[in-house]
Amino acid sequence: MSNMIVFGTQWGDEGKGKIVDILTEEADMIVRFQGGNNAGHTLVTGNKKFILHLIPSGILHSNKICLIGNGVVLDPEVFCTEIDKLGESGVNISPERLLISKKTHLIMSYHKELDQAREMAKSGKDKIGTTGRGIGPCYEDKMARIGIRAGDLQNLDLVWEKINKALVEKNSLLEKLYNQSPVDPVKVFDQIKPYAKRLVPFLADVSQKIQEAGNNGQTVLFEGAQGVQLDIDHGTYPFVTSSNTVTGNASAGSGYFYDMKKVIAVVKAYTTRVGQGPFPTELNNEQGEHMQNMGAEFGSTTGRRRRCGWIDLVILREAVRLCGPTEIALTKLDVLSGLETIRVCTGYEYKGKIVQHPPQEENAMAAVKPVYEDFPGWTEDISKISSWDEMPENARKYVQLIEKYLNIKISIISVGPDRNQTIRIMKN
Ligand code: GDP
Ligand code: IMO
Ligand code: MG
């Protein structure tokens with residue numbers, strides 16, 4: 001058994017979906033362990049494109065088992081829409097190969113309403129720019145011990161009771177604080193009932209399933225969502241998501257001890273961010289536009305334009321420190337073709353000193369000034385190359401610089417969205 005985990009190192013959208021899809025070949029089971037449908041993982045095979053929000057990115061491989069762990073927050077409506085769409089595209093979806101933990105918390109309509117009401121009520125600089133999918137309020141209910149879990153759908157009386165309990169507080173907030181109409185418990189209950197019927201066949205003891213796979217010597221691939229800088233504890237708080245995105249959470253979020261042979265850090269060859277919050281290497285010039293256009297940097301969940309900037313080795317070093325990768329998958333290197341000079345942020349100037357780690361005080365990341373080293377770019381289109389030897393010399397130097405600085409081998413280089421646009425580099 002040689003378990004693997006794939007995680008995002010920056011502010012999400014590093015190309016995790018594509019990497020998981022590729023590595024699924026080497027796995028038997030794929031597990032999502034945190035986040036919800038705030039994620040958007042894109043897979044491209046030939047002329048087909050799939051954007052998955054909740055279902056693990058291994059689903060296109062018909063003989064693999066996909067699991068949604070207890071650490072995920074699941075919107076029943078989104079789950080059903082996603083399986084219907086996949087089914088229409090000919091993907092085999094059945095409870096034999098797709099399972100939801102009974103402990104997974106459900107995103108209810110009032111979580112989405114609260115998420116959106118809160119964002120609307122915040123003034124400009126305080127807005128987080130959430131995806132509005134109810135992620136934060138659902139995790140809040142989990143921690144407050146008033147959440148509704150997928151397993152509860154087997155007992156609708158319990159769901160009814162829990163909805164009523166949850167709405168006492170929610171309606172008070174919605175009405176008194178946010179000037180919204182109260183939510184009718186009957187409506188919420190009627191809305192969830194048809195989904196309960198559809199979801200129940202998919203329920204399972206996910207933790208036990210992973211254990212069984214382990215006992216049988218199978219390989220489990222854990223699929224991270226978001227990125228380290230969006231981690232609730234270790235990211236750019238408060239401009240973060242509401243779950244732990246670091247690799248350690250794979251254990252708590254799936255109910256399995258931490259046992260990873262391969263820890264794959266997905267690093268985009270530059271940096272992007274959707275939503276508000278500090279972004280030291282952000283570019284508001286033609287180089288940023290180059291990345292935006294060439295990389296088609298629009299959010300796969302909300303369609304928002306992604307902010308773009310140079311690669312930031314300070315946050316990458318932090319991701320390495322926090323998550324212990326054994327290798328790196330470097331994505332979107334093709335996007336940098338055509339830039340005359342490529343800048344690499346190797347440190348920050350903060351309070352008159354050069355620092356190598358992100359400062360920890362709230363919003364200190366908004367006060368740092370990046371320190372750059374410049375490298376000559378390359379003009380060749382690399383999106384069709386299939387080996388390291390075909391790589392232009394300056395592109396190779398760029399890759400080697402990242403490897404050297406982070407002291408981790410790059411084992412995969414992605415040069416386009418398609419599965420085939422991938423270069424595997426064998427370890428020496
Ligand atoms: P994820 O959330 O980490 O799975 O990433 P997203 O799917 O949200 O965003 C990555 C985007 O870049 C998607 O549109 C992918 O199809 C695309 N993509 C992935 N790898 C590459 C690559 O190497 N080059 C280019 N040009 N696009 C890529
Ligand atoms: P994937 O898995 C990029 C961002 C939102 C917002 C912040 C909080 O595709 O990489 P939330 O709705 O989670 O409360 O929003 O987090 N965010 C993401 N940004 N990729 C994602 O997922 C994201 N999931 C959440 O834009 O800034
Ligand atoms: Mg994404």
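Guide: We begin with a crossing: α3 and α5 cross in a left-handed manner, a term used if the near helix is turned anticlockwise from the far one by less than a right angle. This is a predicted model, in which local features need pLDDT of at least 70, side-chain atom pairs count only at pLDDT 80 or more, and totals for chains, interfaces and linings use all residues. Residues are numbered from 1 along each chain as its sequence is written, and side-chain values use heavy atoms, with hydrogens and water left out.

Visitor: Which residues of α3 and α5 make the contact?

Guide: Contact means heavy atoms within 4.5 Å. From α3 come Y110, H111, E113, L114, A117 and R118, and from α5 I163, A166, L167, K170, L173 and L174.

Visitor: At what angle do the axes of α3 and α5 cross?

Guide: The axes of α3 (residues 109-121) and α5 (residues 156-177) cross at roughly 15 degrees and come within 11 Å. Angles under 35 degrees count as roughly parallel, so α3 and α5 are roughly parallel to each other.

Visitor: Which residues of α4 are buried?

Guide: Buried means under 20% relative accessible area (1.4 Å probe, protein chains only). In α4 (residues 135-143), I135, G136, P137, C138, Y139 and D141 are buried. These buried residues pack against β6 (73-74), β8 (105-106), α3 and α5.

Visitor: Which residues coordinate the magnesium ion (ligand 3)?

Guide: Donors are N, O and S atoms within 2.8 Å of the metal (3.2 Å for Na, K and Ca). D13 (OD) and G40 (O) coordinate the magnesium ion at 2.0 to 2.2 Å. G40 is buried, with a relative accessible area of 10%.

Definitions and conventions. Chains are lettered from A and ligands numbered from 1 in the order in which they are written. Buried means under 20% relative accessible area, exposed over 50%, partly exposed in between (1.4 Å probe, protein chains only). Axes are lines fitted to C-alpha atoms, for helices over the stretch in contact, and angles run from 0 to 180 degrees between N-to-C directions. Helices (H or I, at least four residues) and strands (E, at least two) are DSSP runs, numbered from the N terminus. Angles under 35 degrees count as roughly parallel, over 145 as roughly antiparallel, 65 to 115 as roughly perpendicular and the rest as oblique.
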